[in-house]
Amino acid sequence: MDNAVSNSFVEARHLGKHVATREGVLTLLDDINFKIAAGTSVAILGASGSGKTTLLGLLAGLDTPSNGTVILNNNNLNDFDEDGRAMLRAELVGFVFQNFQLLFGLTALENVMLPLELAQLPHPRKKAEELLKRVGLGERMQHYPNQLSGGEQQRCAIARAFSMRPRILFADEPTGNLDSKTGKRIIDLLFELNAEQGTTLIMATHDAQISRLCDQLIHLEAGRIVEQVNSPGKGNSYE
Amino acid sequence: MNDLTPAGRQRRGAGFYWAMSWRMLWRDWRGGELNILAIGLVIAVTSITAVGFFTDRIERGLQMQSAELIAADLAVTSRRADVYDYIKEARQNDFQVATTQQFRSVVLGDDRPQLVEVKAVSEAYPLRGALRISDNAFGADETTGGIPSAGDVWVEARLLQMLDAGIGDSIKLGNSTFKIRKVLRYEPDRAGDLFSLAPRILMNIADLDATGLISTGALVNYRVLIAGERSSINSYHKLIENNLRAGEELVTFEQGRPELNTALRSAQQFLGLAALISVLLAGVAVASVANRFSVRHLGTSAMFRCLGASQNTIIQLFSLEMLWLSLIASSAGCILGMLTQFVITQLLDQLVLTQLPPPTFKAVLLGYATGILMLTGFALPPLLSLRHVPPLHVLRKDVTSRPVSSWLLYLAVVLCMSLLLYWQIGDLRLVATVTGGIVLTLAVLAVTAFLLIMLLNRLRGSAGVAWRFGLANISRRPAGSVIQIVAFGLGIMVMLLLSAVRSDLLNDWQASLPENAPNHFVINVQSDQLAAITDYFKAMGVANTRMYPMVRARLVEINGKKVSADDYESERARHLVTREFNLSWAESIQLDNELVAGPWWERDDFGKPLLSLEVKLADTLRLKLGDVASFDVNGTRLDFTVSNLRSVDWDSFNINFFTVVPPGVLEDKPASWVTSVYLDSEQRQKLGDLVRAFPNVTLIDVEVIMKRVRGIISRVSLAIEFIFLFTILAGLAVLFAAIQSKQDERRFESAVLRTLGASRKTLMLGLLAEFTTLGALSGLLAGLSATSLVWLLAEYVFKFNYQLDFTLALSGIVSGTIIVVIAGTLGTRSVLTNPPIKTLRQNTV
Ligand SMILES: Nc1ncnc2c1ncn2[C@@H]1O[C@H](COP(=O)(O)OP(=O)(O)OP(=O)(O)O)[C@@H](O)[C@H]1O
Ligand SMILES: [Mg+2]
């Protein structure tokens, strides 16, 4: 577990995050270690405030850790500056945010097209339209985010994340504010796309049920890993 | 495992930036993000180009006006006939040429000799402007394109009175006899003060030899008049200027009439002021909106970073987007500027006469430079800070980039804009006063606003609920409120400033040429006729005719040294020392004169030989305070000590004297008296009787000239009103921008408060309280700073009298409150009328 470098795709080594607040130093994450193999699906389970979003942010290179390192496809993120990490992100990473993060001035279609445009991929419109149809928003393409419901915004955000065919997709509470039926549809969609594109899926959730669908489960409590389980759905766990 | 794929490292070509930046521009435009930025830019560019075009025209108008004052584009004068050498040269250059010869002579009517100023003119005279003539002394006048035909002369009306002659009579000039064919009413290039010159006789130059008047040694002023296309005239002008032979001199229009120039110059200055203000205002609007723009694009930037765009990509995309915007807005501004100046020149058509100058490249260039400078200067710094937005921003809103400290940069931008404006307006004093004033005002506004807000904070506890809510809004974010008060204050300040300057300027003009300003001069009244003439006018319905005495005198010595024309180089000085001075006496200084040096005399000084000189005359003759000027008065020599210098407002048609002495010095000398009266058309009919009753008295009619001046001034006033409106629009744009800058927060807060159960009425009252306070505060500050700026401008730029008063501050408070409350509630109304959910839903990223 310590020598193999190439058999893990995403790896956290002694990862820690502290922030200075008025009340003193706050530890958000402490000594996080795990490895994730390519093409698998991982759930990061934890209560609200346990540090899930913080962890995803570090893994995706959106933030820098206070201690430890993140290895992403054999690249040590600490070796990169912001622009370097941006390039890695462009290369590898898709992100579905807890609060969707659609740009309010852009239509659903344009939001999905945006990463394709920035990466100068051919036929952005066609690809975006296909994806939006795929997530069931074929009729809402010209609508602005504030004209969409929360679930629709979430699906739009997923379409945007998948438009780049990322090798890793981070999804932060993808069903957080959705009813269970819509939540189920979204999860299905994520797994479908994950299977189709061979994407590594890393999902933060507080829903134990959802976490059981994944190949691997990482349980966080107050910034520490309290449990790591492989194939949680089959009850096969180890320390 | 493969490493980074080449696709991600792919170089971003020009095509990408081009397409992506246009796409961003279009999307922001569609979302209404760019409206105020664009409006601000368009206003700035429109103002600067309109004024550019217009200044060009005024400049040309002035040139034409001055050309009219010398009846040519260029004139060379000399005492010697060899000045006619220029004729050949000018003809070779395809210029139009005319010649004149001027000299004094005596005509004999009914055996009464009369001194006259003869002017013999060639066919094309005048090359610029036109003569006006009439068939009898006081009848309707008309423009003529011709000159007297051989054997005819045209004469000034007063000569007819003096000679007791009429149209069709003959007069003898030298060896020839001429027929008086017309009354000469207006001669464009007649220079000098109107009532000390002998009357004019205009004749055809072809008749001159036969009169035998031009003998060797006669004092003749030869003139060659030249006119032609502007640029070649200008270069010829330079050529001649540097190669004048001894005794030759270029004629400049300053020797002519200054009345119109002052009005036009003030108009030009006002337009410059207005442009300056609208450009700076628009700059403030752009700056404050740009900030909001960048705040609203934090999310976009962070998202771009999340999606893998590098800092450089983000800078380049936003810079390009701004560049496109500034190019589009500048183009629109240039077109609007051209239209605006078209409207102005339509208002001024008769002033600017015939030629339409082509739009100058300079104005267009300036327009684009302003647009680009303004947007890059004001909008780019906050946008550049966007590149530092950490991608983490999408996860945690409190993580934003440090705002760039942009004060220095803003200052630099203001400086650059001032330079551009200086290039355009060309009046350093004006640009410096206004820019400096505005920057200073900004600082003062900011500090005072901050203090006032602190004070408000203390008052809060004692207010009702709506007030508490409103005042809390203001003091909760002091920095934001200070910015708002400053922006409001600035907007209101310049509106007040401009309206004050405008009305003062217009009033000043009106005052200088009131409807019933004297339109006739009555000269040559003898001492024993004073009472009779005054009574005569009283009977005609003209009260209070003030009579001014004048005694003719010749300057003989200065500080004991004999004066001669040879001591002076300037034609004017030579002219002055050889001609007679009119010494007048007075107890007190005339109202429209201003002491420049030395004291006016006291009662004790009456009877002492003191002399008050017009300052320009003193300069020309190189006379200083304390110098002794000796005059020959009717054979007696009198020594006067120069005791003070005065400036005289020659624009007014008031009677003024170059030389004045105290009472009790000249009373025993033979004096004649002058006065000026306003006569309406009915009263003018009776002038014939006056002339018959007092044959020696001469009347000079300036009605024609005054009408012309008045016409021009009223047109210029119109143009000023128009530009004024335009600047007011710019001011409103700033106010609107300022309100917009906090609108997002205000909307969101109100929506949240409504969901928490606040009633619409409470919210409405709260907003009203907030806007009332903001408006009143900024209005008060604006009024105070406008007062001081107007005072500065009046003192240093426009030179009109300004009485410091604080009504401006009062109108500042009132107008500030009204405007801000209206604009504010209009802008926030949607929060109160829409269901709160709509506002809240808009709050996605
Ligand atoms: N910059 C920061 N300063 C102070 N506290 C922070 C900062 N970043 C995160 N936190 C705190 O760290 C804790 C973990 O935050 P995080 O957003 O990772 O939780 P989460 O597990 O995603 O919760 P949720 O399920 O509610 O989204 C929270 O208590 C949060 O308030
Ligand atoms: Mg979270």
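## Chain B

Chain B of this predicted model contains 25 helices and 22 strands. The chain is 845 residues long, and 55% of these residues are buried. When contacts with a separation of 6 or more are considered, 83% of those in chain B are between residues 24 or more positions apart. The accessible surface of chain B is about 36,300 Å², and carbon and sulfur atoms account for 58% of that surface.

## B:Thr100

B:Thr100 lies in strand β2 of chain B, which covers residues 96-108. Is B:Thr100 buried or exposed? Its relative accessibility is 3%, and because buried means under 20%, B:Thr100 counts as buried.

Apart from neighbours within four places in sequence, the residues in contact with B:Thr100 are B:Tyr84, B:Lys119, B:Ala120, B:Val121, B:Tyr125, B:Asn221, B:Tyr222, B:Arg223 and B:Leu225.

## Chain A

Chain A has 239 residues, of which 55% count as buried. Its secondary structure consists of 7 helices and 10 strands. Of the contacts in chain A between residues at least 6 apart in sequence, 65% join residues at least 24 apart. The accessible surface of chain A comes to about 10,100 Å², with 48% belonging to carbon and sulfur atoms.

## Helices α5 and α6 of chain A

Helix α5 of chain A spans residues 150-163 and helix α6 of chain A spans residues 180-197. Their axes come within 11 Å and cross at roughly 10°. Angles under 35 degrees count as roughly parallel, and α5(A) and α6(A) are therefore roughly parallel to each other.

On the α5(A) side, the contact is made by A:Gly151, A:Gln154, A:Arg155, A:Ile158 and A:Phe162. On the α6(A) side, the residues are A:Thr182, A:Arg185, A:Ile186, A:Leu189, A:Leu190, A:Leu193, A:Asn194 and A:Gln197. By class, the residues of this contact between α5(A) and α6(A) are 6 nonpolar, 5 polar and 2 charged.

## Interface between chains A and B

How many residues does each chain bring to the contact? Chain A contributes 45 residues and chain B contributes 39 residues. The area buried between the two chains is about 3,800 Å², and carbon and sulfur atoms give 56% of that area.

On the chain A side, A:Phe104, A:Leu118 and A:Gln120 supply 19% of the area that chain A buries against chain B.

Terms used
Residues numbered from 1 in each chain as written. Chains lettered and ligands numbered in written order. Predicted model: local features only at pLDDT ≥ 70, side-chain atom pairs only at ≥ 80, totals over all residues. Heavy atoms only, no water. Axes fitted to C-alpha atoms, helices over the stretch in contact; angles between N-to-C directions. Helix = DSSP H or I, 4+ residues; strand = E, 2+ residues; numbered from the N terminus. Parallel < 35°, antiparallel > 145°, perpendicular 65-115°, else oblique. Contact = heavy atoms within 4.5 Å. Nonpolar A, V, L, I, M, F, W, Y, C, P; charged D, E, K, R; others polar. Buried < 20%, exposed > 50% of the residue type's maximum accessible area, 1.4 Å probe, protein only. Areas by Shrake-Rupley, 256 points an atom, 1.4 Å probe, with all protein chains shown as cover. Buried area = accessible area lost by both parts, 1.4 Å probe.
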